[in-house]
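Below are my notes on the model, as numbered points. Please read them alongside the sequence and the coordinates.

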Amino acid sequence: MSSFVPTNYDLRTALVFCYHLKKTAAESHRMLVEAYGEHALGKTQCFEWFKKFKSGDFDVRNEERGKPPKKFEDKDLQALLDEDDTQTQQELAEQLNVTQKAVSLRLKAMGKIQKVGKWVPHELNERQQENRKTTCQMLLVRCKRKSFLHRIVTGDEKWIYFQNPKRRKSWVNPGEPSTSTARPNRFGKKTMLCVWWDQKGIIYYELLKPGETVNTDRYQQQMIDLNRAIREKRPEYAKRQHKVILLHDNAPSHTAKRVTDTIEAFNWEILAHAAYSPDLAPSDYHLFASLGHALAEQHFDSYENVRKWLDNWFASKEELFFWRGIHNLPKRWEKCINSNGDYFE
């Protein structure tokens, strides 16, 4: 058995060799362990060196050996994060004039973790943020003075695809990509769901035929049909003190004069709703979110099967499900106010 003990320089040189053989960092680490056992570099070190190689730097000498690490205060690092918390460790290190590893260790000691930012529907400007905040403040004050949540009827539209893939999760080594899942083909077969509901459940919905969409004429007729369904299913709204409060978004077909005139003729109130605010719309953050999970891996071969599936899914939901969706609004208004009108977690 060989008594050779490789130096760090030897191991790094071997990594350069593996890199040019098109091996991954994980494969290279396994090869070092197989050859040198406990003397091999750690897996994290292998990934760090491969990252360096990918940038075109193949210098494996340890230039920092013998030099004491530069020191910096946590407050200096926090100040940089306060300015921009999306900076990379290398960018932070360059500004602090320290190594990237030093920044990594301090971030860990400070309890910081890195999270991928979620997609938001719109890049809000200051005016839009202020409008969202002001609208939420007004609604929250009104709701605390006298709750009106039981009078809200809300609705929206959602595309239902005939083929619905499920996003797959996979266990992988650090640095390796996860198994990808293609989004539903937006040009594939689909139908539009138009649905309205309140704290008790679904009041009325339409499933448009493939190729049909909502325009002003269609939405005006939908309001007429919704009014008929409300009179049949929610007779309490006929009482003056239980007047319908309609919560829908600001789509052009929703705000057209003919539509607003029709709604006014029904003596309904339209609830204020800031533009670009699906996070404040119960259909988006509650009903469609749950529906989207249920649709994963569903495959339909006909329009009739989509309708049948929706009938069963709506019927399976208890009244408490719909109640929660509506009565979460005040909490979401508060979160919007606390985030100064920006999107919130």
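1. Helix H1 (8-20) and helix H2 (25-36) are among what covers the buried residues of H3; contact here means heavy atoms within 4.5 Å. Helices are DSSP runs (H or I, at least four residues), as strands are (E, at least two), numbered from the N terminus.

2. On provenance: this is a predicted model, in which local features need pLDDT of at least 70 and side-chain atom pairs count only at pLDDT 80 or more, while totals for chains, interfaces and linings use all residues. Residues are numbered from 1 along each chain as its sequence is written, and side-chain values use heavy atoms, with hydrogens and water left out.

3. Helix H3 covers residues 43-54, and its 12 residues should span 16 Å at 1.5 Å a residue; the expected span is 1.5 Å times one less than the number of residues. The end C-alpha atoms of H3 are 17 Å apart, which agrees. After H3 comes Gly56, with a positive phi near 95°.

4. Which residues of H3 are buried? They are Cys46, Phe47, Trp49, Phe50 and Phe53, where buried means under 20% relative accessible area, exposed over 50% and partly exposed in between (1.4 Å probe, protein chains only). Seen down the axis of H3, the buried residues fall within an arc of 165°, so they line one face of the helix; the arc is that of the directions from the helix axis to the C-beta atoms. Thr44 and Lys51, on the other side of H3, are exposed.

5. Helix H4 (residues 74-83) and helix H5 (residues 89-96) have axes that come within 11 Å and cross at roughly 125°. Axes are lines fitted to C-alpha atoms, for helices over the stretch in contact, and angles run from 0 to 180 degrees between N-to-C directions. H4 and H5 are therefore oblique to each other, the class left after under 35 degrees (roughly parallel), over 145 (roughly antiparallel) and 65 to 115 (roughly perpendicular). From H4, Asp76, Leu77, Leu80 and Leu81 meet Leu92, Gln95 and Leu96 of H5.

6. Glu73 lies in the loop between H3 and H4. Its relative accessibility is 48%, so Glu73 counts as partly exposed.

7. Ser253 belongs to helix H9 (residues 252-255). Ser253 is buried, at 12% relative accessible area. Neighbours within four places in sequence aside, Ser253 is in contact with Val214, Asn215, Thr216, Tyr219 and Val259.
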